[in-house]
Amino acid sequence: MSELSKINLNLLKSLHALLLHKRVDKAADSQFITASAMSANLKQLRVLLSDELLVRGQASRMHFTEKAKQLMPAVQHALSALSQVFELSTAFDPKTVEAEVSLGLSQYMASIIVPPLLEQVRVKAPGVKLVIKNLLEVTTPTIFTDREIDIALSYFDVTLRCLHK
């Protein structure tokens, strides 16, 4: 079998559809591609797997080769595993986050925001450490570009002298 980096992983979806439907046209419909595109994918799969996979039998019905029958559980497992990878990457659980977040606040904003924020962070994201920095003490804009502050909150009366030339 070829190196994984040389394999078009979209062929795995096509193989699954072909094994599921036993017909190129139905497999194509399920993947929202043309029958000729699915036929081309089947041709690539035949070369890649060194097997016909689907063969025409009596009354022009397609039948699986032995290798195709053996591949079905592995293909289903591979697609299930890939699906889990993408589900994990989109699922966010704040309780599992380990991070340090720097907040730039004026003293006034800190007095209003920090107490309830700390309570919420303790409960919902216990692995997050908040670092509070006084925005009025900022003397250079590099504190933002160097990511020393992740989030800055202030009211409009406060200006950062270092940002004005």
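Predicted model: local features only at pLDDT ≥ 70, side-chain atom pairs only at ≥ 80, totals over all residues.

Me: How does H5 run relative to E4?
Reply: H5 covers residues 107-124 and lies across E3, E4 and E5, at about 175° to E4.

Me: Where is the kink in H5?
Reply: At Ile113, shortly before the proline Pro115, and the kink is about 40°. Even so, the 18 residues of H5 reach 25 Å from first C-alpha to last, close to the 26 Å expected at 1.5 Å a residue.

Me: OK, on to the sheet. What's the strand order?
Reply: The order is E4-E3-E5, in an open sheet of three strands with parallel pairing. The edge strands, each pairing on one side only, are E4 (128-134) and E5 (151-153). From one strand to the next, the twist averages 25°.

Me: How many bridges link E3 and E5?
Reply: Three, in the parallel sense, with E3 spanning residues 99-105. In one of the pairings, Gly104 has Ala152 in E5 as its bridge partner.

Me: Switching topic: which residues touch the most other members in the largest nonpolar core?
Reply: It's a leucine list: Leu15, Leu18, Leu19, Leu45, Leu53 and Leu71, out of 19 residues in that core. The elements giving two or more residues to this core are H1 (10-21), H2 (24-31), H3 (35-49) and H4 (66-90). H1 has the largest share, with six residues.

Me: What does Leu45 touch, sequence neighbours within four places aside?
Reply: Leu45 is in contact with Leu11, Ser14, Leu15, Leu18, Ser50 and Leu53. There is also a second, separate core of nine residues, which includes Leu105, Met109, Val121 and Val128.

Me: What about Arg46, which helix is that in?
Reply: Arg46 lies in helix H3. Leaving aside neighbours within four places in sequence, Arg46 is in contact with Asp51, Glu52, Leu53, Leu54 and Met62.

Me: Why does Arg46 count as partly exposed?
Reply: Because its relative accessible area is 24%, and partly exposed runs between the 20% limit for buried and the 50% limit for exposed.

Technical notes. Residues numbered from 1 in each chain as written. Heavy atoms only, no water. Pairing = 2+ DSSP bridges. Helix = DSSP H or I, 4+ residues; strand = E, 2+ residues; numbered from the N terminus. Axes fitted to C-alpha atoms, helices over the stretch in contact; angles between N-to-C directions. Contact = heavy atoms within 4.5 Å. Core = buried A, V, L, I, M, F, W, Y, C linked by side-chain atoms within 4.5 Å. Buried < 20%, exposed > 50% of the residue type's maximum accessible area, 1.4 Å probe, protein only. Expected span 1.5 Å × (residues − 1). Bend = angle between axes of the 7 residues up to and from the residue.
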